[in-house]
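Thank you all for coming this morning.

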Amino acid sequence: MSALHEWLLEESPSSRTQARLGRAWRILSALARNPLAAIGALIIIALVVTALFAPLIAPFSAVGQDLSNRLMPPSAEHWMGTDELGRDIFSRVVYGSRITLLIVAMVAVISAPIGLLVGAISGYAGGWTDRILMGITDIFLSMPKLILALAFVAALGPGIENAIIAIAITAWPVYARIARAETLTFRDAEFIAAIRLQGASATRIILRHVLPLCASSTIIRVTLDMAGIILTAAGLGFLGLGAQPPLPEWGAMISRGRNFILDQWWVATMPGFAIIAVSLGFCFLGDGLRDVLDPKQRESR
Amino acid sequence: MAGRAAHGAVGLARFMLVTILTFLGLLAITFFIGRVVPIDPVLSVVGDRATQEVYDAARERMGLDRPLVVQFFSYVGNVLSGDLGQSISTGRAVTSDLARVFPATLEMATIGILIGVLLGVPMGVIAATRQGSWADQLIRVLGLLGYSVPAFWLGLVGLAVFYAGLGWVAGPGRVDFFYEGMVDTITGLYLIDSLIAGEMDIFRNALSHLVLPASILGFFSLAYIARMTRSFMLDQLAQEYVTTARVKGVPERRVVWRHAFFPIRIQLITVIGLSYASLLEGSVMIEVVFSWPGIGNYLTTALLNADMNAVLGATLVIGSVFILINKISDVLYRILDPRARQ
């Protein structure tokens, strides 16, 4: 064990694998020492596990109706009560984790690479390319995100895919700004010049050498943005523009419960706790990741 | 001196250019969204049984056969002359609809930002001066909740607790049903209109409707403002001149408010501007929950009715106000901060 530990923390690693594993180990152990980050990581792990094993965890079906058990308060059998069609709210919240995870993962997978690429090209190329790309980025940055997403969903039509596209369209500019700022700090560095002198093309330099160095600050930012993405997605669902019934999307569930809020409070409130827990998880993890990966920016939020 | 003035003129021209380009960008986005709508605007006018000739004639009349660039500039011309088209659900011009609903949003967001600033700034200062105390922890938790609680959920819970449960505040809407339309519209802000008319009952009623949604908006702005104030104050308190002042024996209260707080008020203007702009945006969800007849409610009703002129008009107005507030706080920052003036 201690031999492995020493091998991981070797100051001058002898192979690329050793260096990578060592870095991963350092990050993980630093995260584990930060209690909030550890809680955040646990919440996210719980979210992923819940989404993967939803059929095993949920005691009831997410869509099966039981009209004789409408609007039952929370009990031993129905932990979070039942909704207006007699569906078990806890089971629906459990299945809803799949939709939330799908949305945040897809938004991250679509918007982060677009932002990274725009930012890296802009920063590396400079000149007019930079001015035009950053002009477009700044225009998107100065728009209100939620309103823009609403307008895009209005044009594309309601639905979960269109909600993902609309949120991704509003999410990428921040990553472009970050990637450009990072790129500018090492564009004139000697190692880039050395690669260029070896005859590497601009494409190769950007893809193989510039982008990987922008990754860690982008990952921090994506994690911190996740809470906002979840809230926007839930808001679209609440307005009836995101996931459509009978899908157990948390925002849409709150919207259904609105009619019963005064007498059957649990229908609308229970899914809200799930949203808060997951958003807080991403906030905690993002804060922790920033402290570990980017000590320069510590205590700016 | 002349060189400096010329420099300032170039900076001003540059700023104006960027501002104009940003507005054009917003127009380009709403224009683009209006174009990608799967609903064919010609079909919605002539119906799907029209012959090809009728269809083509209508298409030409609506100007849809012209090049996109020409269409875009005629769109910009229309917007600049205040023509946002007709709303299919209200049957009126979108511009007059928006003018009617905007004061409701403005009233709520303004009370919201007042709550956010009046509570958030002192809380941030206290958190910074007593780092690690329970006040500091509380502000940290509030800040995190501000990032992770859905506004519409908090609105519903607020209604259930303070309206249905405790009966402290009035329910959805701007005034009780029987007060509706009893005060002449002067500013469109019910609090001010009822005061002008001297109707104290209506004023109290409007206030009791307003206090919950505005407080919820205020909570989100407070969370952000307190957090930023705390972080600015910590930066200042760590400066050497603050230590100097303390060593000289300046009372702590004066050190905090006069020496440390005074310089950050300029940064705070930007933060408050950002927060105010995002309140206008955040009010969309709150308005839906509280059936508040403002621009957010108008926008979401239009969305659900596929009333595109109204959707794009409302998007344009919210977007413009958002950009405008940001630019104004930018200008104020440049004017007030001697370092940013160069």
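What you see is a predicted model, in which local features need pLDDT of at least 70 and side-chain atom pairs count only at pLDDT 80 or more, while totals for chains, interfaces and linings use all residues. Residues are numbered from 1 along each chain as its sequence is written, and chains are lettered from A and ligands numbered from 1 in the order in which they are written.

Let me begin with confidence, where pLDDT is the predictor's confidence in each residue, from 0 to 100. Chain A has an average pLDDT of 84, and 97% of its residues score at least 70. Within chain A, the lowest confidence is in helix α1 (residues 2-8), with a mean of 76, and the highest is in helix α5 (residues 89-125), at 91.

The secondary structure of chain A consists of 12 helices and 0 strands, and its C-alpha trace spans about 75 × 55 × 30 Å along the principal axes. I call a residue buried if 20 or more other C-beta atoms lie within 10 Å of its own, exposed if 12 or fewer, and partly exposed in between, with C-beta atoms placed from the backbone. By that rule, buried residues make up 44% of the 301 residues in chain A.

Why is helix α11 (residues 250-257) of chain A largely enclosed by the rest of the structure? It is because 7 of its 8 residues are buried, among them A:W250 and A:M253. The cover over the buried residues of α11(A) includes α5, α10 and α12 of chain A, together with α7 (151-165) of chain B.

That brings us to the two chains together, where two residues are in contact if their C-beta atoms, placed from the backbone, lie within 7 Å. The contact between them takes 37 residues from chain A and 39 residues from chain B, and on the side of chain A that touches chain B, the largest share, 8 residues, comes from α12(A).

Turning to chain B, we find it divided into domain 1 (2-80) and domain 2 (94-341), with bounds that come from an automatic or database domain assignment. The centres of these two domains, taken over C-alpha atoms, are separated by 32 Å, and their contact takes 10 residues from domain 1 and 9 residues from domain 2. On the domain 1 side of that contact, helix α1 (residues 2-36) of chain B gives the most, with 7 residues.

Finally, a nonpolar core is a set of buried Ala, Val, Leu, Ile, Met, Phe, Trp, Tyr and Cys residues joined through C-beta atoms within 7 Å. Which members of the largest core touch the most other members? Of its 171 residues, they are A:A151, A:I167, A:I230, B:V311 and B:A314. Helix α9 (residues 200-237) of chain B supplies the largest share of this core, 18 residues. Domain 1 and domain 2 of chain B both give residues to this core, so it lies between them. As for B:A314, leaving aside its neighbours within four places in sequence, its contacts are B:L98, B:I295, B:Y298, B:L299 and B:A302.

Notes
Helix = DSSP H or I, 4+ residues; strand = E, 2+ residues; numbered from the N terminus.
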